[in-house]
Amino acid sequence: MSSLELVAQHEKLARLAKESSKKGSIGAPDNSVFLDRFSVSASSVRDQRAKLKQQREAHEALCAKAQEAQVFAKPPHVLADAVYFRGGADLKEKPLLRHVIVKDLNKVARQLDFEMPTAGIFKNKAPMGMYAVFDGTAGSGTSGPVSVEFCARNFHNTLLAGLANVGKATLVLAGQAGRADMATTKLVEAALGQSLAALDAELLTKHPEAEDGCGAAIALLIGEHLFLAVLGCCAAILCVT
């Protein structure tokens with residue numbers, strides 16, 4: 001083999017080696033790119049852990065709140081009943097006296113989507129009950145069944161609406177036990193009177209033709225607090241044994 005042939009062969013081998021090295025560099029992964037992509041600092045790790053901790057605590061708080069919401073208030077430990085003797089002989093006539101006993105007012109509030117207060121005398125899911133008598137012969141105007149029927153069917157709605165407003169007014173008193181108890185007591189007394197006034201206005205709006213009136217005796221029990229309201233020639237007697 002001549003010297004020219006050796007040089008040509010050497011150049012050919014060099015060219016092939018160069019081409020193969022180029023192909024290898026194109027196909028081989030650049031490890032530095034992956035390292036840069038997945039490398040994180042210690043501060044980033046701490047931030048991620050803190051964020052995950054906050055998310056876990058928020059989730060646990062929501063679960064605890066949902067579990068607490070499923071524990072409903074118990075009804076008052078009260079034995080309540082009523083008896084009415086019809087005066088007229090005609091059974092088709094509507095009665096002039098109606099009684100309403102709501103043994104668990106919290107349950108009715110949940111069913112009607114009224115949010116009850118949680119501060120003051122309402123704290124710790126205080127039991128609530130309502131006991132009322134509506135008398136169509138004991139109010140102003142003539143005796144009749146229209147007013148007494150309307151009041152018996154609708155008073156609990158106006159009362160719950162008034163108590164829900166008490167809850168909005170006592171939010172700022174949460175955690176101030178003494179002031180909250182006193183404030184909610186006064187607010188409940190006001191709400192009871194306002195509920196009767198609202199019921200009267202609603203009756204006049206929906207039944208402007210009604211000429212009969214209605215008296216009432218209402219007892220509202222919230223925890224250990226008893227509230228009474230009397231209208232017309234009705235009475236409520238509290239007996240202690």
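Helices (H or I, at least four residues) and strands (E, at least two) are DSSP runs, numbered from the N terminus. The model is predicted: local features need pLDDT of at least 70, side-chain atom pairs count only at pLDDT 80 or more, and totals for chains, interfaces and linings use all residues. Residue numbers start from 1 along each chain as its sequence is written, and side-chain values use heavy atoms, without hydrogens and water.

**Exercise 1.** Locate Lys74 and state whether Lys74 is buried or exposed.

Solution. Step one: Lys74 sits in the loop between α3 (42-69) and β1 (97-102). Step two: apply the cut-offs, which are buried under 20% relative accessible area, exposed over 50%, and partly exposed in between (1.4 Å probe, protein chains only). Step three: the relative accessible area of Lys74 is 64%, so Lys74 is exposed.

**Exercise 2.** Classify the aromatic pair of Phe134 and Phe155.

Solution. Step one: rings of Phe, Tyr and Trp (its six-membered ring) pair if their centres lie within 6.5 Å; planes under 30 degrees apart count as stacked, over 60 as edge-to-face and the rest as tilted. Step two: the structure holds 1 aromatic pair. Its ring centres, in Phe134 and Phe155, are 6.0 Å apart and the planes stand at 65 degrees, so the pair is edge-to-face. Step three: Phe134 belongs to strand β2 (residues 128-135) and Phe155 to helix α5 (residues 145-169), so the pair ties together parts 21 residues apart in sequence. Step four: Phe134 is buried at 1% relative accessibility, and Phe155 is buried with a relative accessible area of 1%.
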